[in-house]
Amino acid sequence: MTAEEIQAIFFAECEESLEAAEQGLAACRDGTQDSDTVNAVFRAVHSIKGGAGAFGYIALQGFTHTFETLLSDVRDGTVPITEPLIDLMLGGLDTLSDHVTAARDSGEPPEDAALQAEMTAAMAANAGAAPAAPVAAAPPPPAPAPEPEKAEVADSSGDDFDFDFDLDALLDDISDDMAPAAVAPEARWQVRVRPHAAAMRNGSEPLLMLREMSELGGVCELCDISSIPPLDGFDVGTGYLGWAFSFPASVGEDAVRDIFDFVGDDCSLAFGAQADMPQVQYPEPPVPIAPVATAPIAVPVAAPVAAMVQSPASAVPAPVEAPLAPDPELARTGSAPPAPPAPGQSIRIELGKLDKLIDAVGELVIAQAMMAQRLADQGLAVAEDMTMIEGLTRDIQESAMAIRAQPIGSVFSRVPRILRELASSTGKHVKLEVSGETTELDKTVIERLGEPLTHLIRNAVDHGIEQADERIAAGKPAEGTLTLSAEHRSGRILIRIGDDGKGIDRERVFAKAVEKGLISPDTVMSKEEIDLLIFAPGFSTAQTVTNVSGRGVGMDVVRQNVKDLGGRITIDSEPGKGTTFTLTLPLTLAISDGMVVNVGDQTLVVPLANVVESLRPEPNEVQGLGASRCMINVRGRFIPVIPLSQSVGAAGACTDPRDGVLIVVETEGAGRAALLVDAICDQRQVVIKSLDTHYRSVEGVAGATILGDGRVALIVDVDSLVSRSLASAGGNSPLAEAA
Amino acid sequence: MTTTTTRILTVDDSPSMRALLNHALSGHGFDVSQAEDGMAALDWLAMNEVDVVITDINMPRLDGFGLIERLREGSRHRDRPILVLTTESSDEKKARARAAGATGWIVKPFDPEKLVAAVRRVAH
């Protein structure tokens with residue numbers, strides 16, 4: 001954009017401003033004299049003045065300055081709004097308009113001396129003197145225009161060009177003083193700087209000031225670290241350090257003061273000859289830095305340099321109120337309340353107590369559901385009240401869960417070491433890319449995640465990533481890349497372990513599975529199903545059994561581990577490009593989202609994690625397959641229908657897909673399937689009770705939960721139920737890909 | 001200072017002032033974005049990252065003081081350097097801007113070199 005274009009914008013803006021000012025003054029004349037109206041006029045004139053100054057229209061700037069000053073007084077109520085004043089201002093507006101026109105057309109500026117004098121008089125007279133102004137304005141001699149205007153301009157520009165900090169002087173000083181920096185040491189003088197605790201709360205960065213001091217030729221003589229609190233009480237937003245810089249005599253004090261112009265009262269400064277402040281007085285007594293709240297309410301901490309220097313006796317240790325490990329979760333939630341705790345304030349709790357709380361919260365969720373049900377049965381439920389309690393219960397539950405949550409980074413941080421070990425044993429050097437390491441999930445999940453994750457990483461390096469020469473031949477960088485990521489997605493955690501290796505060799509996997517007797521040679525399998533074979537117990541494709549990935553007992557254990565965590569694992573592999581394992585894990589083990597369904601006389605819960613969609617099939621979408629089986633066509637893909645009643649032995653359930661509801665579920669081992677149920681009653685959080693501890697492990701059942709009406713409902717283990725039921729129907733090859 | 005481009009948001013209700021700022025700063029390799037008042041700045045900052053904010057004081061809807069206060073209240077822009085750029089140079093205004101949490105102060109009309117120096121001084 002050229003200067004002319006910007007000027008064009010300015011003049012267009014002037015037109016708008018003049019119009020706005022005109023409207024405002026008209027409103028004033030008509031009786032609307034509130035501060036908003038006057039301020040609009042002020043802002044219009046002010047805006048023109050700003051541009052006039054920037055573009056160097058001196059006459060325009062001078063006039064607007066006077067006009068603006070008058071308007072400012074009017075706005076502040078110093079000059080009352082009277083009829084003559086409004087006339088004066090309207091006259092001023094006309095002249096202003098002429099000024100703008102003159103500036104735009106490079107014409108002669110209008111004669112405004114009389115008007116300016118009148119305005120000045122109106123201000124001087126303060127109250128009610130406006131009518132007298134014309135008289136006062138009359139005396140100016142016939143040709144007074146240039147002088148007063150210039151004087152005025154000189155004044156105002158002196159005012160306006162005056163930087164708050166004198167950068168020019170500073171810049172000059174820099175160039176002047178850089179050379180003679182190496183003068184005799186006795187000529188040096190000192191500056192002591194101690195940014196206050198709140199010094200960094202206005203966007204300042206003390207480091208920049210230190211840097212500027214060194215650029216000026218200052219030498220850091222001392223850094224006072226005596227006020228640094230123990231690590232537990234350390235707040236990164238607080239300044240704990242003080243510095244002493246010495247300067248050669250050739251560097252002026254003003255130049256150094258300029259550095260701190262923006263800092264104002266946020267920083268203690270002391271200037272003086274080196275002799276005045278002998279070094280032996282250091283280290284000074286620690287200036288007590290009170291723990292400072294994280295909230296914007298800055299606590300001004302008095303750390304006067306005088307005290308720093310002159311009273312070495314008052315050694316007060318920095319009080320640290322809460323020497324506890326910082327907990328990000330607590331710190332975050334803690335910053336909201338009016339009296340926030342010191343940053344990093346936390347408390348150590350025995351895990352058992354926490355688990356008890358989580359259990360109790362689980363019971364609360366059940367009790368709340370039961371109460372809601374009771375009230376609904378009695379017709380007493382008041383929707384808002386229940387919604388509130390429901391919301392509160394959920395809040396409590398989430399908070400309780402958050403206490404147990406930890407960032408997954410603790411697991412990820414072990415990976416570089418694993419990779420180093422692998423590099424030395426396999427000779428494959430692998431670059432690690434990590435993202436989402438702050439993603440939080442349940443402590444138990446994290447603890448139990450280490451093993452499967454380690455195994456997947458070893459597997460990726462051992463089987464996925466090729467040897468360097470092989471990679472180069474394939475046109476890839478010699479160094480392989482392992483990508484680790486974690487993210488929240490709709491109440492679950494997705495963890496991805498990806499490599500850029502050769503991908504899964506499906507032919508070999510298939511051959512191996514046949515050889516191991518896991519499948520028959522004529523089995524028809526999709527690519528995904530072949531990939532999943534690597535999770536089959538006793539499967540190993542490594543040409544030679546390496547000591548890294550073990551003896552083929554790994555991947556099925558990985559899958560079992562993930563499954564025990566209520567999660568699923570999927571594979572996405574592309575030959576030549578690499579393989580990505582995706583672990584989908586619940587945020588917590590204790591509570592999960594489930595779909596409550598009716599099957600005959602039973603109520604069951606289908607984990608929402610497995611549910612893809614639910615639908616009522618059209619008659620023509622259902623196709624029989626043999627005597628008792630049927631498939632459903634879901635958008636062109638045929639999916640086997642599994643009546644849940646068959647698996648759980650429920651009586652009186654519907655058996656025709658056309659009468660019930662189909663829940664399409666995703667499984668690990670058997671692709672998609674559609675579970676036939678009578679009806680879906682609810683979708684809610686269920687507290688998982690282990691069947692193992694209360695009864696015994698049952699295949700096809702993941703656990704049990706207590707429903708709102710007090711009944712116990714089984715939670716369906718979708719994976720095992722589907723694969724079992726498909727297997728019993730003849731042939732373990734899923735029918736999903738028949739289409 | 002980092003080697004990456006310093007991103008600046010200029011907040012001013014005057015299009016010509018924004019154009020001038022843009023002209024002065026872009027020429028020095030800064031990445032300049034613009035907002036027409038405090039509200040627009042807040043909206044923009046909710047979606048974008050920036051290294052330095054330069055704001056006018058007298059603006060409709062939300063003025064410069066209000067903008068600074070709002071930014072300091074939140075956590076994302078609490079440590080952002082904010083320069084106040086205005087034709088008003090009264091001490092009272094400066095004190096208010098400082099109380100609101102302004103990092104520095106520049107008086108209009110500005111000299112482009114001084115403006116750039118001021119931005120460099122506060123840019124982290």
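The buried residues of helix H2(B) are covered by elements of chain B that include strand E1 (7–11), strand E2 (31–35), strand E3 (52–55) and helix H3 (64–73), where helices (H or I, at least four residues) and strands (E, at least two) are DSSP runs numbered from the N terminus. This is a predicted model, in which local features need pLDDT of at least 70 and side-chain atom pairs count only at pLDDT 80 or more, while totals for chains, interfaces and linings use all residues. Residues are numbered from 1 along each chain as its sequence is written, and chains are lettered from A and ligands numbered from 1 in the order in which they are written.

**Confidence**

- Chain B has an average pLDDT of 83, and 92% of its residues score at least 70, pLDDT being the predictor's confidence in each residue, from 0 to 100.
- For the complex, the predictor gives an ipTM of 0.76 and a pTM of 0.39.

**Helix H2 of chain B**

- Within helix H2 (residues 38–47) of chain B, the residues Gly38(B), Ala41(B) and Leu45(B) are buried, a residue being buried if 20 or more other C-beta atoms lie within 10 Å of its own, exposed if 12 or fewer, and partly exposed in between, with C-beta atoms placed from the backbone.
- Asp43(B), Ala46(B) and Met47(B) are exposed residues on the face of H2(B) that is turned away from its buried side.

**Where chain A touches chain B**

- In the model, 30 residues of chain A are in contact with 34 residues of chain B, contact meaning that the C-beta atoms of two residues, placed from the backbone, lie within 7 Å.
- On the side of chain A that touches chain B, at least two residues each come from helix H1 (3–29), helix H2 (35–55), helix H7 (146–161) and helix H8 (167–178) of chain A, and the largest share, 8 residues, comes from H2(A).
- By class, this side of chain A has 12 nonpolar, 9 polar and 9 charged residues; Ala, Val, Leu, Ile, Met, Phe, Trp, Tyr, Cys and Pro count as nonpolar, Asp, Glu, Lys and Arg as charged, and the others, Gly among them, as polar.

**Positive phi in loops of chain A**

- Ser106(A), although not a glycine, has a positive phi of about 55°; Ser106(A) is in the loop between helix H4 (83–104) and helix H5 (113–125) of chain A, and counts as exposed with 7 C-beta neighbours inside 10 Å.
- Arg635(A), also not a glycine, has a positive phi of about 45°; Arg635(A) is in the loop between strand E16 (629–634) and strand E17 (637–643) of chain A, and counts as exposed with 6 C-beta neighbours inside 10 Å.
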